[in-house]
Amino acid sequence: CRACGGGKYKDQKGPQACDVCGGGTFNPSEGSVTGWACMGCPGNSHSPAGSIALTSCICNVGYHGPDGEACSACSAGTFKASNGSAGCTLCEAGTFSTGEGETEGTVCQGCPDHTHSPSGSGHET
């Protein structure tokens, strides 16, 4: 018999295969005997199934921050359409958005006639 590697656990004796920790969790320990060994990723982040490191937890779309840490929502005037540690993208000059945690550039609305806003604006000016 061999112990299960990181990212896995086995809660039964016998020849059964090790179970893989689910997505959104990680387990750096070898030889885990319970699914409780699979620890949840920090807030607003996720990881692939079978992850062994906290740094496998990456920010969800609409959120930013370092891998393995809790992620913060993109502020008004920004959006982020991909997972990972990259920063949020500013709405272009002449557009604005008021929501936080936005995931698509289409949230950047054009300013009304005879008005303008700088890039990254979170309100009409």
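Colleague: Happy to start with C21 and C38: what is the handedness of the disulfide?

Modeller: Bear in mind that this is a predicted model. The sulfur atoms of C21 and C38 sit 2.0 Å apart. The torsion about their S-S bond is about -70°, so the disulfide is left-handed.

Colleague: Thanks! How many residues apart in sequence are the parts that this pair, C21 and C38, ties together?

Modeller: C21 lies in the loop between β2 (19–20) and β3 (25–26). C38 belongs to the loop between β3 and β4 (39–40), so the parts tied together are apart in sequence by 17 residues.

Colleague: Now C88: is this residue buried, partly exposed or exposed?

Modeller: C88 forms a disulfide with C74, with 2.0 Å between the sulfur atoms. Buried means under 20% relative accessible area and exposed means over 50%. C74, at 0%, is buried. Because the relative accessible area of C88 is 24%, C88 is partly exposed.

Colleague: Which cysteine has the sulfur nearest to that of C111?

Modeller: A search of the whole structure finds six disulfides. With the bonded cysteines numbered in sequence order, they pair as 1-2, 3-4, 5-6, 7-8, 9-10, 11-12. C111 is in no disulfide, and at 9.7 Å the nearest cysteine sulfur is that of C91.

Colleague: And S121, is that buried or exposed?

Modeller: S121 is found in the segment after β12. Beyond its sequence neighbours up to four places away, S121 touches G77, T95, F96 and S97. Its relative accessibility is 6%, which is under 20%, so S121 counts as buried.

Methods:
Residues numbered from 1 in each chain as written. Predicted model: local features only at pLDDT ≥ 70, side-chain atom pairs only at ≥ 80, totals over all residues. Heavy atoms only, no water. Helix = DSSP H or I, 4+ residues; strand = E, 2+ residues; numbered from the N terminus. Buried < 20%, exposed > 50% of the residue type's maximum accessible area, 1.4 Å probe, protein only. Contact = heavy atoms within 4.5 Å. Disulfide = S-S within 2.5 Å.
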